[in-house]
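The tour has two stops.

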Amino acid sequence: MFQIRLHGRGGQGVVTSAEMLSLAAFTEGHYAQAFPSFGSERTGAPVVAFARVSDHQIRLREPITEPDAVLIQDRTLLESVNVFSGLTDNAYVLLNSSQTPEELGLADLVNRLPKGHVITLPATKFAMERIGRPLPGAAMLAGFAALTGKLKLESVQQAFMTRYTGKVAQANADVASDAFNFVLNAKKNF
């Protein structure tokens with residue numbers, strides 16, 4: 001089983017991202033589950049969502065305390081939430097930022113995890129260019145797919161095409177493609 005914890009702020013689509021990740025995995029024939037954890041339910045408040053992907057039926061229902069991957073949709077959470085708690089020794093970290101992990105003060109994390117497992121992605125920038133709104137979900141999921149190899153880009157795009165229609169669906173698919181290629185190119189540098 002592969003366990004993913006998603007961090008963001010209310011209004012950024014964190015819960016939708018977990019659902020889309022689950023749908024993409026299901027599309028590929030995996031068992032998948034997604035569920036949120038809310039504190040104060042208001043725009044801008046920290047939000048956590050969880051997703052699990054497995055080749056076997058998933059019976060667990062508790063929050064993920066030892067994630068194999070962490071997706072952080074808002075870098076300001078680095079100062080207020082322990083987004084890296086419980087990371088496994090081989091974990092992946094994808095952070096929505098145009099700064100490098102080192103510029104964000106994450107050199108220790110980069111050195112602790114395997115080479116190439118901590119990457120930043122300007123997901124909001126891609127979303128603003130294609131969607132016109134700061135919704136980094138499609139970019140983050142495609143970045144996750146490229147970083148980990150756990151999903152195909154086409155599955156991520158199909159999940160968004162299933163949930164949305166028309167221009168919104170296509171814009172999310174385009175954002176996913178941009179982010180997937182960005183992370184693949186970043187991985188070449190490791």
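Contact here means heavy atoms within 4.5 Å. Helices (H or I, at least four residues) and strands (E, at least two) are DSSP runs, numbered from the N terminus. The model is predicted: local features need pLDDT of at least 70, side-chain atom pairs count only at pLDDT 80 or more, and totals for chains, interfaces and linings use all residues. Residues are numbered from 1 along each chain as its sequence is written, and side-chain values use heavy atoms, with hydrogens and water left out.

**Stop one: a helix pair**

Select residues 137–148, helix H4, and residues 153–163, helix H5. Their axes (lines fitted to C-alpha atoms over the stretch in contact) come within 9 Å and cross at roughly 155°. Angles run from 0 to 180 degrees between N-to-C directions, and those over 145 count as roughly antiparallel; H4 and H5 are therefore roughly antiparallel to each other.

Now show Gly137, Ala138, Leu141, Ala142 and Ala145 in H4; they meet Leu153, Val156 and Phe160 in H5. The residues of this contact divide into 7 nonpolar, 1 polar and no charged, with Gly counted as polar.

**Stop two: aspartate 74**

Next, select aspartate 74 in the loop between strand S4 (69–72) and strand S5 (92–96). Is aspartate 74 buried or exposed? It counts as buried (under 20% relative accessible area, 1.4 Å probe, protein chains only), because its relative accessibility is 14%.

Not counting residues up to four places away in sequence, aspartate 74 touches His7, Gly8, Arg9 and Gln12. Its side chain makes a polar contact (a pair of N or O atoms within 3.5 Å, one able to donate a hydrogen and the other to accept it) with the side chain of glutamine 12, at 3.2 Å. Another polar contact, of 2.4 Å, joins the side chains of aspartate 74 and threonine 76.

Terms used. Angles under 35 degrees count as roughly parallel, over 145 as roughly antiparallel, 65 to 115 as roughly perpendicular and the rest as oblique. Buried means under 20% relative accessible area, exposed over 50%, partly exposed in between (1.4 Å probe, protein chains only).
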